[in-house]
Number of protein chains: 2
Amino acid sequence: MKEFNSKNYAEDMKKKIPAYELMFELIFQAILPLTDKEKVKNVLLIGGQANEINGISEVFPDASMTVIEPNEKMLTEAKRQTLSHEKVEFIGSKFEDYVTDKKYDICICLLVLQFVEDEEFFLSKIYGCLEQAGVLFLSIFSSEMLEYWKNFAIARGADKGQVSKTCSQQAQVMKVLSLSTVEKQLLDLGFREMEKILQVLSVALWRCKK
Amino acid sequence: MKEFNSKNYAEDMKKKIPAYELMFELIFQAILPLTDKEKVKNVLLIGGQANEINGISEVFPDASMTVIEPNEKMLTEAKRQTLSHEKVEFIGSKFEDYVTDKKYDICICLLVLQFVEDEEFFLSKIYGCLEQAGVLFLSIFSSEMLEYWKNFAIARGADKGQVSKTCSQQAQVMKVLSLSTVEKQLLDLGFREMEKILQVLSVALWRCKK
């Protein structure tokens, strides 16, 4: 994993991920406010950044939150930018190694799956951690339309070498995921009411229910 | 049709259409630059605004363009904001009434179809106007995820009454289109290599080929 530089991270994501900010806007402004707030007690953020943590706190001020992030620097930075720590537990670990009996009402896992070794195990573990009727927001960087994506990211000023490598040798940079395979895995695990909230070139965001 | 106010139009679209600007960025920065410029002689813009006209001129400086727009004020405003008029023909007409023998290499028709009376006739007319292997960029406002869309647009500051009406009585405001029906219509007409470039809540953008 590359050395984490908090200053550059958000800027880099905005260049490389079409609709990076729009994804948060959709989740925190459009969709989660429709949830019955009383029923949301525990939220799980896998690889969550401060914008997600603060977004959750705003929509569900009374809910407890667990944030799991294996990269120490990213976790430290997320803590630093978190506005209210009162109900947030930060865990420096891979989600795969996280042991808990807690059940969550909502899980948010954005742009992590393509870096996971065993995505079936990972998704089944999320399923296991959710309450019945719990909701998952999952986004991925897939293998769709990479040529368009390359042009898009370079036009936005992303690093040309990095972007070209992701495009031509994606399997060396991340797991190669197709939208249909991930959708099938989610359905096979038992997720239902699948909604594709967003898809822009290679990036997709689903909302689904246990 | 509501009175057109050019000042408010773009701002209103940005509030109401998730990824409004992203749509142009994808077409003009990511996708069209990959086209063989030599082969693009004629471009058709149905309901095109100045940002599309100027975008096309930048990517294909040698191509001729036909812009068709029935609303006189919108057409006047598009003309006013067009940077170079040399190769642009403006036609004040509904596309349905446009008579021509010209064939186009590219047609762009964004967020128009939901206001069209007979969308099958409209799409088949586009098909007929395209050269063999000509490319269509089509975006629509569909009937998908309107509840989420309502929340999204209101949070962005769109007019609450208008947005609520579109959500609860969409058929009074526009044609009710589903993504799958439009995709099927395109395929039935003979369009191929369909790519869904973008889908954000109710809005979808496809690229397909004759």
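Start with the interface: select chains A and B, and look at where 24 residues of chain B are in contact with 24 residues of chain A; contact means heavy atoms within 4.5 Å. This is a predicted model, in which local features need pLDDT of at least 70 and side-chain atom pairs count only at pLDDT 80 or more, while totals for chains, interfaces and linings use all residues. Residues are numbered from 1 along each chain as its sequence is written, chains are lettered from A and ligands numbered from 1 in the order in which they are written, and side-chain values use heavy atoms, with hydrogens and water left out.

The two chains bury about 2200 Å² between them, 60% of it on carbon and sulfur atoms. Buried area is the accessible area (1.4 Å probe) that two parts lose on being put together, summed over both. Now select Tyr148(B), Asn151(B) and Gln199(B): they supply 24% of the area that chain B buries against chain A, more than any other three residues.

Next, show the side chains of Glu25(B) and Arg156(A), which meet in a salt bridge (2.6 Å, N to O). Color helix H2 (20-31), helix H6 (146-155) and strand E6 (192-200) of chain B, the elements that give two or more residues to the side touching chain A. Helices (H or I, at least four residues) and strands (E, at least two) are DSSP runs, numbered from the N terminus.

Stay with E6 and select residues 192-200 of chain A as well: 3 bridges join this strand to E6(B), and the two run antiparallel. Strands pair if DSSP finds at least two bridges between them. Gln199(A) has Gln199(B) as its bridge partner.

Is Thr66(B) buried or exposed? Thr66(B) is buried, because its relative accessible area is 0%; buried means under 20%, exposed over 50%, and partly exposed in between (1.4 Å probe, protein chains only). Among the residues that Thr66(B) touches, not counting those up to four places away in sequence, are Val43(B), Leu45(B), Ile91(B) and Tyr104(B).

Finish in chain A with Gln185(A), in helix H9 (residues 179-189). Gln185(A) is buried, with a relative accessible area of 12%. Show Glu119(A), Glu120(A) and Leu123(A) too: Gln185(A) touches these, leaving aside residues up to four places away in sequence.

Technical notes: Salt bridge = Lys/Arg side-chain N within 4 Å of Asp/Glu carboxyl O.
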